[in-house]
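Visitor: I am new to this structure, and I would like to know what stands behind the words used for it. Please show it to me first.

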Amino acid sequence: MALKIAIIGGGSAYAPGLVNAFIQHAADFAGAELALMDIATQELDTVYRLSTHMIAAAEVDLTVSQHTDQQSAIQSADYVLTTFRQGGFEARHQDEAIPLRHGVIGQETIGPGGFFFAMRTLPVIRRILADMQAYAPSAVLVNYTNPTQIVAEAVTHFSEVPCISICDQTNDDQHKILSAMGITPESVILESIGLNHATWSTHFTIDGEDGLAVMDRHYAAVITRPDVSNRVKRQFRLAREYGHLPNSYLQYYYYREETVAEAKSAAKTRAQEILDMLPSYYHHFEEQIAAETPNLTHIRGGSVFGDMAVEVLSGLVNQDASIHTLNIPNQSALPDFAVDRVVEVPARLELSGGATPLVQRHLPSNVVGLLHMLAEYQWLTADAIWNGDQHDLIHALASNPLVLSLPLAEALLDDIIPLQHHFIDD
């Protein structure tokens, strides 16, 4: 029987980039069906028609189907790839704006914003798991949905469904750092460990040279370049300070006051900026549907999105024991964390559909304390949303390193809970 991969969130502006990645790796998925599922019917139809055209133009052995019913998409699937955003960017705007009113950063995976996002995401994940057990009991869940760490904690603790969670942020960080330095090296090796959106490099070379030394050489030029984002500049500052390359999301902890002030001074939240741009993406998709040979130049996530997910799926399908940086239970690979805590670490894919994390050294003492707090916060959050009550939610949110206050946690939840119901499909 032909391979079937259900893609939950198949109508998003990211989805064409994902389909393009499957086309580039089509030899690994010969005869496979990509079952695109989304509740946004118009966007789903556009992505479906574009995907069909892209596959035909590339003359590869793939098929695509569209589904607004989750169960039909998951039925008999071998893999379920989750890449959805419950509540859309309208809900993300709340995630960003409400915390700022309380003097805390609002972001889709960081601080209260990530907590709010998890409150909407986990109920959907729970239904996906139930449908997988009922309609595709042998399928593997490959989670690409944020907040990745909290989702992974919930699935691995409260479900028997095999799950691998992935994030391509390190790849995106690498691309932006090289771009800031204006270099296009032939070879880059970047390995990082820690937690999702909270990693530090363990091995970083650029054409065989220490990557941190290369960054230090370009430091003055990058810091003064007006076309380089403050986010990237903060990575350069943190790398010089700690001697390891940080994940770009760590700026929100180490430069808390700067990032809050920057967000408050912005005319729009990031969600509002994306909402303004979304029509242009789908307009471009329609143009490429009409073109004789589609050529995607305007997609969410750029060229990076989708590549990692497809490479991991290829490794699972071909059972090649390949190594990828994944978000999976620690199993003692990172000595700084509990064995059942989810960590982001290089891991080897196994025949069972799981992955074995590779043993690492201790993280430096001057960075591991924050990661300990984040690890326990994210576990508490997963447990509170999955099993808890209002009291548990307050305690979990109060343990976030950017909150650390019961009154603040209560105030944040009082603001968000009445609004969340509009974006949660019970």
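Visitor: What makes up the secondary structure of the protein?

Guide: The protein has 16 helices and twelve strands, where helices (H or I, at least four residues) and strands (E, at least two) are DSSP runs numbered from the N terminus. This is a predicted model, in which local features need pLDDT of at least 70, side-chain atom pairs count only at pLDDT 80 or more, and totals for chains, interfaces and linings use all residues. Residues are numbered from 1 along each chain as its sequence is written, and side-chain values use heavy atoms, with hydrogens and water left out.

Visitor: Why is Ala-382 called buried?

Guide: Buried means under 20% relative accessible area, with a 1.4 Å probe and protein chains only. Ala-382 has 0% relative accessibility, and therefore counts as buried. Buried residues make up 56% of the 426 residues in the protein.

Visitor: Where is Ala-382 found, and what is it in contact with?

Guide: Ala-382 lies in helix 14, which covers residues 365-387. Contact means heavy atoms within 4.5 Å, and, leaving aside neighbours within four places in sequence, Ala-382 is in contact with Leu-122, Ile-150, Glu-153, Ala-154 and Phe-158.

Key. Buried means under 20% relative accessible area, exposed over 50%, partly exposed in between (1.4 Å probe, protein chains only).
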